[in-house]
Structures are given as structure tokens and as C-alpha cells.
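Hello,

Here is the structure I promised to pass along. Have a look at it first, and then read on for what turned up.

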Amino acid sequence: MEVSKNIMYVRENKGLSQKEVISAIGMGATQYSRIENGKTDPSVNTLIKIAKALGVSMAELFTDKDVLNDTTLMERVALIDSLTKDEQKTIFSIMDAFLSKRKLKSTLKNVLQDIE
């Protein structure tokens, strides 16, 4: 996965302009544009600055866009950590119920295919 595409993807989803990111990291517009266009690879220090300016972890800059497709998912996962233990337990119980339902459907589908 190309980090340059993810940088641009995250920036656009956060509603930030290149100018805003450039200002936050103290980089020239040409150099930053070359990073987003994949014409140059940023240094680790530059990636750290870009991640900070975008309000994401550096790991998110390397995450496949399909995972980042819904940035609200990433935000929701981060918010779960701020909930009380009881609230987290409730959310995990609901998630477990949905996952169990999906597994059951898949198993039943496979059994029915085996019967046919």
C-alpha cells in the first residue's frame, strides 16, 4: 500500500487542505505535493509530523484504504476505550451477538450446500 495515497486520503477525509497540513508541519508546498503524489518517499520524521498534523497514528498512514474507508469506524474504536468497563462490556456483548449470528448463518449455509 502506498503511504502517499493514504496521506492524501486521510487529509481529504479530515477536510484539511494541503496548505493547512503544510503549515502544521513546516514544509514547502512543492515537497509536500511530491509526497502526496508518490514522487518522493518521506522520511520517518516527516511521517511523524504528517501523522500528528492529520490527527492519526503513523500506523494509520500505512493501513489499507479499505480499512480506513470509514474514518468514523476508527474514531468509534478509539472512543470505546474512553467508556466505562460496564459500557464496554455492553458494546462487546452486542458485537459478539452479531458475530455469532453471522457465524451461524455461514455454518448453516455450508451445511445446506453439503446436503445438496
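What percentage of the 116 residues in the protein chain is made up of buried residues? Buried residues account for 23% of the 116, where buried means under 20% relative accessible area, exposed over 50%, and partly exposed in between (1.4 Å probe, protein chains only).

Before the details, a word on the ground rules. This is a predicted model, so local features need pLDDT of at least 70 and side-chain atom pairs count only at pLDDT 80 or more, while totals for chains, interfaces and linings use all residues. Residues are numbered from 1 along each chain as its sequence is written, and side-chain values use heavy atoms, with hydrogens and water left out.

Confidence

The protein chain averages a pLDDT (the predictor's confidence in each residue, from 0 to 100) of 85, and 90% of the residues score at least 70. Confidence is highest in helix H2, with a mean of 95, and lowest in helix H5 (residues 65–68), with a mean of 58.

Overall layout

The protein chain has seven helices and zero strands, and its elements run α-α-α-α-α-α-α from the N terminus on. Helices (H or I, at least four residues) and strands (E, at least two) are DSSP runs, numbered from the N terminus. Taking contact as heavy atoms within 4.5 Å, 55% of the contacts between residues at least 6 apart in sequence join residues at least 24 apart. The chain exposes about 8500 Å², by the Shrake-Rupley method with a 1.4 Å probe, where for residues only the protein chains shown count as cover.

The core

In soluble globular proteins, nonpolar side chains tend to be buried together. A nonpolar core here is a set of buried Ala, Val, Leu, Ile, Met, Phe, Trp, Tyr and Cys residues joined through side-chain atoms within 4.5 Å. The largest one has 15 residues, and those touching the most other members are Ile7, Ile25, Tyr32, Ile50, Leu54, Val56 and Leu61. At least two residues of this core come from each of H1 (3–13), H2 (18–25), H3 (29–36) and H4 (44–54), and H4 gives the largest share, four residues.

Ile50 sits in helix H4 and is buried, because its relative accessible area is 0%. Leaving aside neighbours within four places in sequence, Ile50 is in contact with Ile7, Ile25, Tyr32, Ile35 and Leu61. Ile50 and Tyr32 are 18 residues apart along the chain, and their C-alpha atoms are separated by 9.6 Å. Ile25, for its part, touches Tyr32, Lys49, Ile50 and Ala53, not counting residues up to four places away in sequence.

Arg11 and its partners

The structure holds two salt bridges, each defined as a side-chain nitrogen of Lys or Arg within 4 Å of a carboxyl oxygen of Asp or Glu. Arg11, Glu12 and Glu36 are linked in a network of them. The N to O distance is 2.5 Å for Glu36 and Arg11. Since Glu36 lies in helix H3 and Arg11 in helix H1, the pair ties together parts that are 25 residues apart in sequence. For Arg11 and Glu12, the N to O distance is 3.9 Å.

Arg11 and Glu36 are both buried, with Arg11 at 7% relative accessibility, whereas Glu12 counts as partly exposed because its value is 49%. Apart from neighbours within four places in sequence, the contacts of Arg11 are Leu16, Ser17, Gln18, Val21, Tyr32, Glu36 and Leu54. Other buried residues of H1 include Val3, Ser4, Asn6 and Ile7. After H1 comes Gly15, whose phi is positive, near 75 degrees.

Phe92, Met95 and Leu99 form a nonpolar patch on the surface, with about 280 Å² of accessible area together. Patches are made of residues with over 30% relative accessible area and no salt bridge, with like charges joined within 9 Å and nonpolar side chains (Val, Leu, Ile, Met, Phe, Trp, Tyr) within 5 Å. Phe92 is found in helix H7 (residues 85–115) and is partly exposed, at 38% relative accessibility.

Ile80, in helix H6 (residues 71–80), is buried with a relative accessible area of 18%. Leaving out neighbours within four places in sequence, Ile80 is in contact with Gln88, Ile91 and Phe92. The C-alpha atoms of Ile80 and Phe92 are separated by 9.7 Å.

Best wishes
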